[in-house]
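Thanks for coming, everyone. Let's take a short walk through one structure. Have a look at the screen.

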Amino acid sequence: MDKVEILNIIRETGVIAIIRAHSSDQLIAAADAIKLGGVRAIEVTMTTPGALGVIAEAKARYGSDVIFGAGTVLDPETGRAAILAGADFVVSPTLNLELVELCNRYSIPVAPGCYSPTEVLTGWEAGADFIKLFPASVGGPSLVKAILAPLPQVRIIPVGGVNLDTAADFIRKGAAALGVGSSLVNQKLLDEGDLDELTRRAAAYIQEVRKGRGL
């Protein structure tokens, strides 16, 4: 898939599932379940054991049906390894300009983590495709609106504090998409193998995004 196609999937579905799984089998099972619910973008955090192998295996299984990104990427070296493993996009909790440059070099979508307006604009001017607003739990949906007031050109993905009660409001306040962690996929559900619940939650988040967009 090319960069435009990847960006379109993130923008259109509006949800990135952030998964920290103990095994590739758990991640694949979760991906199957949330895909049924309409979520087609998954961020595999680099804190997942064997994360690069998990990404490579997932890409071989799903092709272009589901896009898999690498999360918690702290430096360009890890970013390059993730790209070579097949990551469709890269997400970082911090703003590392060398990482943004690397992803631009290889035409891989990148979302650096920022919080202040200065960080947001710096990341955007460096070529970020999205800005990961983190931690969005501090400030909530109103923070998205406040940042976009002077910086309306920026595409923001809030992470932290996003749940079914806040999802639609984040979108209403201007978020381009949502990064959703344990309120969508958590280790308890993975260990229990409750795939039906994962599908239900995924569908609920897709519906909240549509609601926030007035659809």
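In what sense do strand 6 and strand 7 pair, and over how many bridges? The two strands, strand 7 being residues 131-133, pair in the parallel sense over 2 bridges.

Some ground rules. This is a predicted model, where local features need pLDDT of at least 70, side-chain atom pairs count only at pLDDT 80 or more, and totals for chains, interfaces and linings use all residues. Residues are numbered from 1 along each chain as its sequence is written, and side-chain values use heavy atoms, with hydrogens and water left out.

Now the terms for the sheet. Strands (E, at least two residues) and helices (H or I, at least four) are DSSP runs, numbered from the N terminus. Two strands pair if DSSP finds at least two bridges between them.

On a 1 Å grid over the protein atoms alone, a cavity is a set of points where a 1.4 Å probe fits but cannot get out; a pocket is an open set with protein on both sides within 12 Å along at least five of seven lines; lining residues have an atom within 4 Å of a point. Points are joined across faces, edges and corners, and a volume is the space filled by probe spheres set on them.

The largest pocket has a volume of about 160 Å³. Its lining includes R20, E43, K132 and F134.

How many cavities of 30 Å³ or more are there? The count is 2. The largest cavity holds about 50 Å³. E43 and K132 are among its lining residues.

The second largest cavity also has a volume of about 50 Å³. Its lining has 10 nonpolar residues, no polar and no charged ones; Ala, Val, Leu, Ile, Met, Phe, Trp, Tyr, Cys and Pro count as nonpolar, Asp, Glu, Lys and Arg as charged, and the others, Gly among them, as polar. Strand 4 (89-91) gives the most to that lining, with 3 residues.
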